[in-house]
Amino acid sequence: MRARTRALGNPSVIGKLFSGKKGKRSAREPQSDRELTIDDLITLERYEDAADALKARIKRQPKDLHAHLRMAEVQLALNSAVKAIDEYVFVADSYADDGFFDKAIALLSKAQRLAPADVSLLKRIERYKAMKLMEQRRGLAVEGLKANKTTAHLSAANSALQLELLWNKIVKCSVVRELDGIALRKLFQTVHMLNLKNGQNLVADGDDQP
């Protein structure tokens, strides 16, 4: 008992009991700047530091769309609407390239509210709306092509690719762009598809038969 009392009376022993492990940080101690995340910097409203950190991340991963969106938020906090719009446009274009037209249009609409006089943003929105509509038509047109007897010879392995290639060619026709999806499906379900070689004539002068 006396030995234990003497030990507790020793300042070095008391220090070890209450100090914890050497080098362990108290939960209440603030983190150093090196340990702060981008979210921490934004929460602390250290937007310049957050922008620098995001620039570094984007430099390492240029296609990190989440980082670009965070950068847009930071630029808005820094009252730099032009830079924020650039980030929104970049992400919107990336979404559109992957076929996510609704997301692209939503971001561009957000950017347009920041710059109502920017005609290029409006044109971009209209273009993506048209692309979205054409994508919807594409699905119905491909359905018609799949049901067409002249494309039935395509094997299951390559039919999807062949039909997509067909669509990419015929979509350039102005008539196709003007028809709605239902009309396209009916059209491609009934037409006779021909695979012509380069330079091959479909109709010659003087022919009576189409």
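Contact here means heavy atoms within 4.5 Å. Keep that cut-off in mind as you click through this predicted model, where local features need pLDDT of at least 70, side-chain atom pairs count only at pLDDT 80 or more, and totals for chains, interfaces and linings use all residues. Residues are numbered from 1 along each chain as its sequence is written, and side-chain values use heavy atoms, with hydrogens and water left out.

**Stop one: Tyr128.** Select Tyr128 and, leaving aside its neighbours within four places in sequence, you will find it in contact with Ala92, Asp93, Ala96, Phe101, Ala104, Ile105 and Leu108.

**Stop two: Ile105.** From there, move to Ile105 in helix α7 (helices are DSSP runs of H or I, at least four residues, numbered from the N terminus). Ile105 is buried, at 13% relative accessible area; buried means under 20%, exposed over 50%, and partly exposed in between, with a 1.4 Å probe and protein chains only. Beyond four places in sequence, Ile105 is in contact with Ile125, Tyr128 and Lys129.

**Stop three: the cores.** A nonpolar core is a set of buried Ala, Val, Leu, Ile, Met, Phe, Trp, Tyr and Cys residues joined through side-chain atoms within 4.5 Å. The largest one has 20 residues, and Tyr128 is among those with the most contacts inside it, as are Ile85, Tyr95 and Leu121. Colour α5 (65–77), α6, α7 (101–114) and α8 (119–147) to see the elements that give it two or more residues; α6 supplies the largest share, 8 residues. Apart from this core lies another, of 11 residues, including Ile38, Ile42, Ala51 and Ile58.

**Stop four: Glu87.** Which helix holds Glu87? Select α6, residues 81–97, and you have it. Glu87 touches His68, Met71 and Ala72, not counting residues up to four places away in sequence. A polar contact of 2.6 Å joins the side chains of Glu87 and His68 (N or O atoms within 3.5 Å, one able to donate a hydrogen and the other to accept it; residues adjacent in sequence count only if both atoms are side-chain atoms).

**Last stop: two loops.** Glu45 sits in the loop between α3 (38–43) and α4 (47–60), and Asn79 in the loop between α5 and α6. Glu45 has a positive phi of about 60 degrees although it is not a glycine, and Asn79 likewise has a positive phi of about 60 degrees without being a glycine. Are they buried or exposed? Glu45 is exposed, at 58% relative accessibility, and Asn79 is exposed, at 73%.
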